[in-house]
Amino acid sequence: MGFALGKFKWRHTPTLILFAFISLTCLYPFYFMLASSFKSNNEYTVNPLGVPRHFTLFSLREVFQQTNMLGSLGNSIIVVCGSLVFILLLSSMAGYAFAKLKFWGANQVLILILSTMMVPIQIVIVPLYVDMANLGMVNNHWSVILIYTAISIPFGAFLMRSFYSNIPSDIMEAALVDGLSYVRIFYRIMLPISVPALVTLGVLDFINLWNDLLISMIFLQDPVTRTVTVVTATLAGRHLTDYPMVISGVFIATIPEVLVFLIFQRFLIKGVTAGISK
Amino acid sequence: MLATPKVPTEPNLRLHRKFLGKYNINITGMLFVLPGFALIVGLIFIPIAKAIYYSFFEWNGSTASFNHGNNYIALFNSNVFHTVLSNNLILLLTIPLWVLIPLIVAFLLYLEPPGWKVFRALFFLPTALSWVIIGIVWQFFFAYQGSLNAILRSVGLGFLQKDWLTYPGLALAFLIGTAIWAWFGTGVIIFSVGLSTMPSEILEAAKIEGCRGFRLLWHIVIPSLRRFIEFYTIYSLIMAFTQMFGLIYVMTQGGPGYYTTTGEYYVYVQAFQNGDFGTASAIGVLLFVIILVVSIVQIRLNKGVD
């Protein structure tokens with residue numbers, strides 16, 4: 001058999017057909033976003049699926065004019081990155097304490113914290129809204145930052161605890177003998193070591209929080225403070241007749257995420273090769 | 001003056017490790033956990049208690065009157081809620097698909113057909129997209145002016161064209177199908193990790209016995225991956241019941257009627273479209289209970305298999 005791929009066997013055919021079909025569906029959204037963003041509404045009506053015959057930037061421009069796309073991108077960045085700062089700090093602190101500092105009640109607290117991962121956000125969304133409204137914090141970025149942090153810490157603390165548990169206790173003991181306080185040990189030794197885990201956690205939470213609709217829609221209602229996810233979601237409802245414009249908005253909103261995704265892939269590879277070379 | 005070397009300071013240890021009998025009071029430890037724990041108590045635990053409290057009131061945000069559980073009674077009698085519950089039930093019944101599809105795909109990848117690395121990367125692409133983006137793209141696909149109908153036209157099946165998402169059964173089916181599609185890349189990765197931890201001796205033994213393909217999957221692989229399957233089943237269930245809001249909001253808005261409104265979406269409808277905070281809280285509580293019950297049942301079932 002002269003197949004360049006070498007390992008081809010005829011019995012693979014059904015699998016390959018299935019894989020080809022699935023791949024098509026996976027690629028479709030990206031192709032669709034790219035193709036449609038550069039069509040005019042008129043062209044889309046006659047040619048929804050094909051390659052743009054009259055390439056135009058009109059729809060993309062429309063998006064920036066009709067919506068607060070730039071501002072919302074800024075809002076998303078503020079809210080998500082702000083949350084990440086607190087999430088990473090508090091998760092690593094808690095993880096370190098659970099893993100290395102034995103204290104009374106640690107197990108109980110850990111179980112309590114982990115149990116919140118089973119709680120659906122929908123049960124607390126009403127009380128939280130009432131609380132925030134009473135505090136005048138609706139349309140304030142901090143309300144969302146606090147909520148995002150609270151819901152992300154359980155998993156983060158769990159992850160960091162697992163990471164710190166794997167660090168041999170000799171390091172702790174040597175540091176203690178050298179006279180370092182627990183706090184110093186944390187920011188001099190533990191925190192720097194855990195950067196790969198922190199980055200992983202950061203990327204996972206970034207994607208999760210950037211895509212959140214429910215919380216950001218409820219707590220940041222003013223068009224000035226809206227996040228990009230909310231703007232995209234409401235685009236579809238409001239401009240239902242102008243498909244290319246909506247897709248342009250979607251396309252722009254996707255770019256930051258996909259960028260983070262791609263960068264994350266590379267970091268992962270670097271981390272693995274660094275670990276091997278050590 | 002020569003600097004004196006730092007002496008190992010025992011006092012430091014004593015400061016932070018106080019033993020009161022058998023209780024190890026490590027203040028630093030407690031302080032490190034405190035901020036995170038305080039946030040969780042304040043923004044999750046206390047609101048849960050409040051939600052349970054609110055669910056017993058008729059409340060629209062300004063006037064409240066105690067309701068003696070009328071919210072719950074009204075829900076159980078409401079046809080809309082019956083539809084919502086049946087949607088959740090249908091969703092629950094599709095969970096095996098949520099788990100099996102990535103499992104089978106991961107297994108097929110494991111057999112390493114040509115180009116499998118490329119395919120694996122492609123299958124993971126949807127996870128780079130948000131639910132909102134996915135919802136919009138696929139909603140356009142199923143819309144009357146959309147791609148599906150365009151494809152049907154181009155192969156001469158134009159008479160089949162419909163506004164696909166306006167049919168109750170089809171809307172729910174496509175909604176769930178989209179969710180499965182969006183989610184299956186994650187499952188493939190998780191199960192691929194699991195497959196890579198399978199000891200090769202078992203595989204060698206199986207190969208010698210002539211066990212291949214489907215039989216290999218059923219008798220060898222699935223039992224080895226049991227922990228992963230259990231974990232991923234519960235994970236998918238929680239995702240399906242609590243994380244589909246964005247998808248529903250952009251794809252069908254819970255419609256047509258209430259035929260794609262799941263419990264989580266109904267909370268939003270009641271609270272922020274109808275302004276009925278009491279009922280919304282009640283639904284939230286019920287949702288929580290349902291998830292707890294199903295998860296516990298799941299875990300008990302799995303323990304029984306051990």
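**Exercise 1.** State what share of chain B is buried and which secondary structure elements the chain holds.

*Solution.* Then take the secondary structure: chain B has 14 helices and four strands (DSSP runs numbered from the N terminus, helices being H or I of at least four residues and strands E of at least two). The model is predicted: local features need pLDDT of at least 70, side-chain atom pairs count only at pLDDT 80 or more, and totals for chains, interfaces and linings use all residues. Residues are numbered from 1 along each chain as its sequence is written, chains are lettered from A and ligands numbered from 1 in the order written, and side-chain values use heavy atoms, without hydrogens and water.

**Exercise 2.** Describe the surroundings of A:S36.

*Solution.* First locate A:S36: it belongs to helix α1 (residues 13-37) of chain A. Next, check burial: A:S36 has a relative accessible area of 0%, so it is buried. Its side chain reaches the backbone oxygen of A:F32 at 2.7 Å. Finally, leaving aside neighbours within four places in sequence, A:S36 is in contact (heavy atoms within 4.5 Å) with A:Y44, A:P244 and A:I247.

**Exercise 3.** Find the residues with which B:W98 is in contact.

Terms used:
Buried means under 20% relative accessible area, exposed over 50%, partly exposed in between (1.4 Å probe, protein chains only). A polar contact is a pair of N or O atoms within 3.5 Å; within protein, one must be able to donate a hydrogen and the other to accept it, and residues adjacent in sequence count only if both atoms are side-chain atoms.
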